[in-house]
Each structure stands twice: as C-alpha cells, then as structure tokens.
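Here's a quick briefing to read alongside the model. Have the sequence and the 3D view open and follow along topic by topic.

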Amino acid sequence: FVQSFTNGNVFSDDRTRLVAFRDQFKDPNNVAVLEYARHKAWRVKGQMQYIAERLGFATSEKELASLLKNASDELLKASRLIKREISDLPGFLVNEKDQVTKSGKKQGATYPEKLKPK
C-alpha cells in the first residue's frame, strides 16, 4: 500500500518531478530513482490495463498507436531523467525579455508599472 497525492488518472499530465526528490529534497539517489521508476511503472501499467481491458475491437489503429506511443514516450523520458541526460527542473521566467532558464542564474523579478514599489 502506498499513499499518494498524485492524480489517479494515468493519462493526465504527470507533475511528479524526479529533480524534486533527488536534487531538492536530497533523498538518497537509489531511493529517489527507484520510487520515480515505480511511479512511472504504475502509470504505464494503468495505460496498458486500459488497452487490455477496456478498448474494443472498434478502436482505430491511430488511437491504439497513439496510446502505445504515449506510454513509450513516458518510459523513455523517465529513463533519460534517471540517467541525467535531461532534467525536469522547471524553468524560471526571467526579466523583461521573458526568457526561460533552467539554471536560475539570470533569475530576477520585474514589476509592472502599477505594482512598482514607491
């Protein structure tokens, strides 16, 4: 039994971030990556169960292929995250140029004219 506050819909946008557990909360790496892999396995298991138990023979090839590709993409991204090939660190909105950066090095705040401190 695992208590979780994640969305139970395995097709919804997944907001779980490996970086939060591994790099921000400083969970031990072996714990963080295994828990993240288990989370992804649970999601993809639910997607595969949907295909195996709920889809009918009238399901189009396009829909079926899309479901399989989405599950595959989710697993491939998880693999790349675990290997640190990519990061799921959210970007920051920066300065007047509204650039997004993942490092936060250029991070700064600007105020709209009406909200500028006096």
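**Around Thr16**

Leaving out residues up to four places away in sequence, Thr16 touches Thr6, Phe21, Tyr36, His39 and Asp88. Bear in mind that this is a predicted model.

- You'll find Thr16 in the segment before helix H1, which covers 18–24.
- Thr16 has a relative accessibility of 19%, so it counts as buried, the cut-off being under 20%.
- The side chain of Thr16 makes a polar contact of 3.1 Å with the side chain of Asp14.
- A polar contact of 3.3 Å links the Thr16 side chain to that of His39, and His39 is also among the residues that Thr16 touches.

**The core and Tyr36**

- Which residues make up the largest nonpolar core? There are six in all: Leu18, Ala32, Val33, Tyr36, Ala78 and Leu81.
- H2 and H3 are the elements that give two or more residues to this core, and H2 has the largest share, with three residues.

- Met48, Leu64 and Leu68 make a nonpolar surface patch of about 220 Å².
- Leu64, one of the patch residues, sits in helix H3, residues 61–82.
- Is Leu64 buried, exposed or partly exposed? Its relative accessibility is 32%, so Leu64 counts as partly exposed, since that class lies between 20% and 50%.

**Positive phi angles**

- Most residues other than glycine have a negative phi, so here are two residues to look up.
- Lys26 isn't a glycine, yet its phi is positive, near 60 degrees.
- Lys26 lies in the loop between H1 and helix H2 (29–53), and its relative accessible area of 62% is why it counts as exposed.
- Arg84 isn't a glycine either, and has a positive phi of about 65 degrees.
- Look for Arg84 in the loop between H3 and strand S1, which covers 92–94.

How values were computed:
Residues numbered from 1 in each chain as written. Predicted model: local features only at pLDDT ≥ 70, side-chain atom pairs only at ≥ 80, totals over all residues. Heavy atoms only, no water. Helix = DSSP H or I, 4+ residues; strand = E, 2+ residues; numbered from the N terminus. Buried < 20%, exposed > 50% of the residue type's maximum accessible area, 1.4 Å probe, protein only. Polar contact = N/O pair within 3.5 Å; in protein donor to acceptor, adjacent residues only side chain to side chain. Contact = heavy atoms within 4.5 Å. Patch = residues over 30% accessible without salt bridge, like charges linked within 9 Å, V, L, I, M, F, W, Y side chains within 5 Å. Areas by Shrake-Rupley, 256 points an atom, 1.4 Å probe, with all protein chains shown as cover. Salt bridge = Lys/Arg side-chain N within 4 Å of Asp/Glu carboxyl O. Core = buried A, V, L, I, M, F, W, Y, C linked by side-chain atoms within 4.5 Å.
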